Amino acid sequence: MEKLLGLIGDPARVKTPSLLVRLQRNKKASLVWTAMRIWLGIMWLQAGISKLWGAENSAFLHNNGAGVAGFAHGVGPTAGGAFSCTPL
């Protein structure tokens, strides 16, 4: 344990940088941080929704899987039930 404390230092004695303390206690900074997190969440949701139902829709959800069928040409179950892959 002493080797580890010598390597990384004693966590109880680590001082938080004063800039970070001021940002954590400042109400204006918390409002900016909250607004930024809400904006980022909205952008994340919009990107996910557009990938499922928008212009960038997934090939397996639309046109009866035509995009996936073209990609997986020649892959299918054999008579025994096992999957095989035929060369193109």
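Which helix does I42 lie in? I42 lies in helix α3, residues 27–53.

Hi everyone, a quick word on the model first. This is a predicted model, where local features need pLDDT of at least 70, side-chain atom pairs count only at pLDDT 80 or more, and totals for chains, interfaces and linings use all residues. Residues are numbered from 1 along each chain as its sequence is written, and side-chain values use heavy atoms, with hydrogens and water left out.

Now the layout. The chain has 4 helices and 2 strands, in the order α-α-α-α-β-β from the N terminus. Helices here are DSSP runs of H or I with at least four residues, and strands are E runs of at least two.

On confidence, pLDDT is the predictor's own score for each residue, from 0 to 100. The chain's mean is 75, with 59% of residues at 70 or more. Confidence is highest in α3, at 89, and lowest in strand β2 (residues 83–85), at a mean of 55.

So back to α3. Its 27 residues reach 39 Å from first C-alpha to last, close to the 39 Å expected at 1.5 Å a residue; that expectation is 1.5 Å times one less than the number of residues.

And I42 itself? Is I42 buried, exposed or partly exposed? I42 is partly exposed, with a relative accessible area of 41%; buried means under 20%, exposed over 50%, partly exposed in between, with a 1.4 Å probe and protein chains only. Across the chain, buried residues make up 5% of the 88. Thanks, everyone!
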